[in-house]
Amino acid sequence: MKTVFPIHKFRELPTPFYYYDTKVLRDTLACVNREVARYDNFSVHYAVKANANPKVLTIIRESGLGADCVSGGEIRAAIKAGFPAGKIVFAGVGKADWEIDLGLDYDIFCFNVESVPELEVINELAAAKGKVANVAFRINPNVGAHTHANITTGLAENKFGISMHDMDKVIDVALELKHVKFIGLHFHIGSQILDMGDFIALCNRVNELQDKLEARHILVEHINVGGGLGIDYDHPNRQPIPDFADYFRTYDEHLKLRPHQTLHFELGRAITGQCGSLISKVLYVKQGTNKQFAILDAGMTDLIRPALYQAHHKMENLTSQDPVVETYDVVGPICESSDVFGKAVDLNKVKRGDLIALRSAGAYGEIMASGYNCRELPKGYISEELV
C-alpha cells in the first residue's frame with residue numbers, strides 16, 4: 001500500500017496544508033481491530049493528542065475505538081466527533097477544575113489520576129454534583145524506553161504519575177473517599193517505541209505491582225498500559241502499518257492479566273502517523289558557500305517535530321520530472337535557526353514552485369501547529385475531498 005498524491009488537486013490549494021490518505025487510515029484501523037479481536041479482553045482508545053482533525057476523528061470513531069483525552073478541549077472534540085462518553089478516558093498531570101467538571105458532566109468512563117491532590121479535587125467536584133467518578137491511578141513504573149528524552153514518560157525523574165512507593169497510600173486514600181471509585185491502574189512509558197523489550201519490561205513491572213495488591217486482597221478491574229508504539233519514519237511506503245500483531249501479542253504473552261480484567265491501550269501515533277503528509281511549495285533554491293538550500297513555504301510553525309525532537313521525516317519532490325538527484329538542506333521561512341526540516345536531503349532536482357511532501361506527519365503535525373510569526377494555521381484535507 002502506497003499513499004497516492006492527487007497532485008493535480010494539490011496545485012489548486014494554497015500551501016502549506018496537511019493531506020490525509022484515508023485508505024491508509026482505514027486499513028490501519030482495520031488491522032488494529034483485527035488484531036485486538038484475537039483477545040477477549042483488550043480495548044483500544046485513540047489518543048486524541050496525536051491528531052484532532054475533525055474528519056480524521058470521525059473516521060476513527062466509526063471504527064469503534066474509544067478516545068484517550070488529555071484536556072477538556074480534547075473531550076469536547078471527541079464528543080463532537082461522536083465518541084461515546086462511556087469510552088472516553090481523561091489523563092493529564094494538570095487537570096483544571098472546569099475540565100474535571102466537563103468530564104463529570106459527560107459521565108466519562110474514567111479519570112486517570114496522577115496525584116493525591118488531584119484525587120481529592122475530583123472527589124470534591126463529584127460530590128458537588130452528587131456523582132461518583134471512576135478513577136485509575138497512573139503509576140510511574142520507573143521503566144525507561146528507547147526513544148527521545150522529551151517523549152520518555154515512565155522514569156522516576158519524569159513529572160508524570162504516582163511513584164510505585166506511594167501506590168498503596170494513594171489507593172488507601174481513594175477507598176476512604178465517597179465520590180470516587182478506584183477501578184484501575186494506568187501506565188505509559190513513552191512514545192515512538194519500536195523495541196518490544198520496553199513493553200516487556202513494563203509488563204514485568206505491572207505483574208509485580210498486581211501481585212503486591214493481591215496480597216492486600218485488592219482486585220483491580222482495569223489495567224491501562226497506555227500506548228507508545230512507534231512508526232517507520234524512514235520507509236512510510238514499505239511499512240505504512242505498524243506491527244500491531246507483535247505489539248498486542250507481547251502484552252498477551254508477558255502480562256499476567258487476571259480473568260476478570262480488561263486491558264486498555266491508548267494508541268495515537270501508530271494509528272494516524274503514516275496516513276498524513278505535510279505538503280509545501282518551494283519558494284526559493286538558494287546556493288550557499290558549501291551547500292544549497294530548498295526554502296519551503298512550510299516551517300516549524302506547521303511541523304515542529306524536527307525542531308523540537310530532531311525528528312526525521314522522509315521528503316519527496318512530488319512534481320519534479322528531473323531525474324537528476326541533488327542534495328539540499330530543506331528549511332522553512334521562520335526567523336529561527338532551528339527552522340530546518342532536514343540537512344543533506346537527497347531530492348529530485350528542486351526548482352521554485354515544486355511541491356514537497358514531508359511524510360509520516362499524521363501524528364503531532366497539524367495538532368502542534370502554531371501561529372508564531374503571525375502565520376496562519378495549515379488546513380487539513382482528507383483524500384475523499386480531493387477526488
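This is a predicted model: local features need pLDDT of at least 70, side-chain atom pairs count only at pLDDT 80 or more; totals for chains, interfaces and linings use all residues.
**α4 against α5**

- On the α4 side, the residues in contact are Gly72, Gly73, Ile75, Arg76 and Ile79, and they meet Trp98, Glu99, Leu102, Gly103 and Tyr106 of α5.
- Sorted by class, this contact has five nonpolar, three polar and two charged residues.

**α8 and its two partners**

- Start with α9: helix α8 (residues 196–215) and helix α9 (residues 244–254) have axes that come within 9 Å and cross at roughly 30 degrees.
- That angle makes α8 roughly parallel to α9, and the crossing is right-handed.
- From α8, the residues Met196, Phe199, Ile200, Leu202, Cys203 and Asn207 take part, meeting Asp246, Tyr247, Thr250, Tyr251 and His254 in α9.
- The α8–α9 contact splits into seven nonpolar, three polar and one charged residue.
- The other partner is helix α7 (residues 167–176), which packs on α8 at an angle of about 50 degrees, with the axes 12 Å apart.
- What does that angle make of the pair? It makes α7 oblique to α8.
- The α7–α8 crossing is right-handed.
- Look for Met167, Asp168 and Ile171 on α7; these meet Leu209, Lys212 and Leu213 on α8.
- The class count for α7 with α8 is four nonpolar, no polar and two charged residues.

**The cavity**

- How many cavities of 30 Å³ or more does the structure hold? There is one.
- The largest cavity has a volume of about 60 Å³.
- Its lining takes in Val89, Phe109, Cys110, Asn112 and Ala136, along with Ile183, Gly184, Leu185, His222, Ile223, Asn224 and His264.
- Which strands each supply at least two residues of that lining? They are β5 (110–113), β8 (180–186) and β9 (222–224).

- Thr15 and Pro16 are joined by a cis peptide bond, with omega at about -5 degrees.
- To find Pro16, go to the loop between α1 (7–10) and β1 (17–20).
- His217 isn't a glycine, yet it has a positive phi of about 65 degrees.
- His217 sits in the loop between α8 and β9; β9 is also one of the strands that supply the lining of the largest cavity.

Definitions and conventions
Residues are numbered from 1 along each chain as its sequence is written. Side-chain values use heavy atoms; hydrogens and water are left out. Axes are lines fitted to C-alpha atoms, for helices over the stretch in contact, and angles run from 0 to 180 degrees between N-to-C directions. Helices (H or I, at least four residues) and strands (E, at least two) are DSSP runs, numbered from the N terminus. Angles under 35 degrees count as roughly parallel, over 145 as roughly antiparallel, 65 to 115 as roughly perpendicular and the rest as oblique. A crossing is left-handed if the near helix is turned anticlockwise from the far one by less than a right angle, and right-handed if clockwise. Contact means heavy atoms within 4.5 Å. Ala, Val, Leu, Ile, Met, Phe, Trp, Tyr, Cys and Pro count as nonpolar, Asp, Glu, Lys and Arg as charged, and the others, Gly among them, as polar. On a 1 Å grid over the protein atoms alone, a cavity is a set of points where a 1.4 Å probe fits but cannot get out, and a pocket is an open set with protein on both sides within 12 Å along at least five of seven lines; lining residues have an atom within 4 Å of a point. Grid points are joined across faces, edges and corners, and a volume is the space filled by probe spheres set on the points.
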